[in-house]
Amino acid sequence: MEKIIIYSHADCLHKDNGPNHPERKERLEVVINAIQGINDIDIEIKSAPLATLDHVAPVHPEAHLSDIFAMIPTSGLTSVEQEPYADTFLCPNSKDAILRACGAGIAAAECVIQGDARRVFCAVRPPGHHAETTRANGFCFVNNAAVTARYLQDKHKIKKVAIIDFDVHHGNGTQEIFYSDNSVLYGSIHEYPLFPGTGSEVEVGVGNIFNAPISAGTNGQDFLKIFKSKVLDNVDKFQPEIILLSAGFDAHKRDPLANINLESKDYYSLTKDIVDIANRHCQGRIISFLEGGYDLVALAQSVTEHLYGLQDDQLKH
Ligand SMILES: [Zn+2]
């Protein structure tokens, strides 16, 4: 049976965005509860360490990160962006949550390189894929997947990394960070037009960016077809040594922030398709990061389906 390691930390629960904000601690609570309720997969939950500034610096300059940390209030919330985008907040406990979220990725990288497990899921918040080199936005401060990709390349001499993003929003941050870097493939399927507004098919980087914009109302069957032909087939051709996932679950039909109609079980199917590629090119190595997903019922079910998909083998459920 394929073992799955989960990295998480209670500090990620202490990131507060105020009342009525969709990116709330209950998201992570239901994810952890769902994971603890799975008893037919070999799952080990481990504590995410704090990343160091050295881990983050290859993606976000130290001065930028220092500026963010300097804005952390002693009470209440501070918005890092101006209206009309003032929905990305710092609270007094933000620093450790941010550093645990990307520290999870660093620990996950060690885990797969050392061979402790081939599949790791980072159950963390704040999410990361909207964080650009020097711009926090979209509830994101540090790009957790990007930091992990750079760490794998710098520390472990991994040459080719694929980052696959199935969050319903385009990962403008990840695209920006790797836009002219052909050692990293970024492939994303996302509702378009929608926040953050990027992600059209003409944004191709240096031939390493594959965007699959989809219309509001797209159902699971069409989603899976487009995901395969416009994203996964290109990942397959790229032959990455490891796959990182920006795993958002807000393309679910219940999600309040978007209009795509996936069912929970579609997350099993799309994950299996990714696993097939990882088995072919990456010795099965996948590190998945929780990004969005704002309906608590859908999120718990979809993460469960995702883990069954990552589990890979013949387990029926
Ligand atoms: Zn999202």
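**Helix packing and a zinc site**

Helix H7 (residues 220-238) packs against helix H8 (residues 266-281) at an angle of about 15°, and their axes are 11 Å apart. The two helices are therefore roughly parallel, a term for angles under 35 degrees, with over 145 counting as roughly antiparallel, 65 to 115 as roughly perpendicular and the rest as oblique. Axes are lines fitted to C-alpha atoms, for helices over the stretch in contact, and angles run from 0 to 180 degrees between N-to-C directions. Helices (H or I, at least four residues) and strands (E, at least two) are DSSP runs, numbered from the N terminus.

This is a predicted model, in which local features need pLDDT of at least 70 and side-chain atom pairs count only at pLDDT 80 or more, while totals for chains, interfaces and linings use all residues. Residues are numbered from 1 along each chain as its sequence is written, and side-chain values use heavy atoms, with hydrogens and water left out.

On the H7 side the contact (heavy atoms within 4.5 Å) includes Phe223, Leu224 and Phe227, and on the H8 side Leu270, Ile274 and Ile277 are among the residues involved. By class, this contact has eight nonpolar, three polar and four charged residues; Ala, Val, Leu, Ile, Met, Phe, Trp, Tyr, Cys and Pro count as nonpolar, Asp, Glu, Lys and Arg as charged, and the others, Gly among them, as polar.

Helix H4 (residues 94-114) and helix H5 (residues 144-156) have axes 9 Å apart and an angle of about 40°, which makes H4 oblique to H5. Their crossing is right-handed. Among the residues that meet are Ala101, Gly105 and Ile113 in H4 and Val147, Tyr151 and Leu152 in H5. The contact of H4 with H5 comprises eight nonpolar, five polar and two charged residues.

The zinc ion has as protein donors Asp167 (OD), Asp167 (OD), His169 (ND1) and Asp250 (OD), at 2.0 to 2.8 Å. Donors are N, O and S atoms within 2.8 Å of the metal (3.2 Å for Na, K and Ca); water is not among the atoms, so sites may look incomplete. Asp167 lies in the loop between strand S6 (161-165) and helix H6 (172-177), and Asp250 in the loop between strand S9 (242-247) and H8, 83 residues apart. The donor residues follow the spacing D-x1-H-x80-D.

Conventions. A crossing is left-handed if the near helix is turned anticlockwise from the far one by less than a right angle, and right-handed if clockwise.
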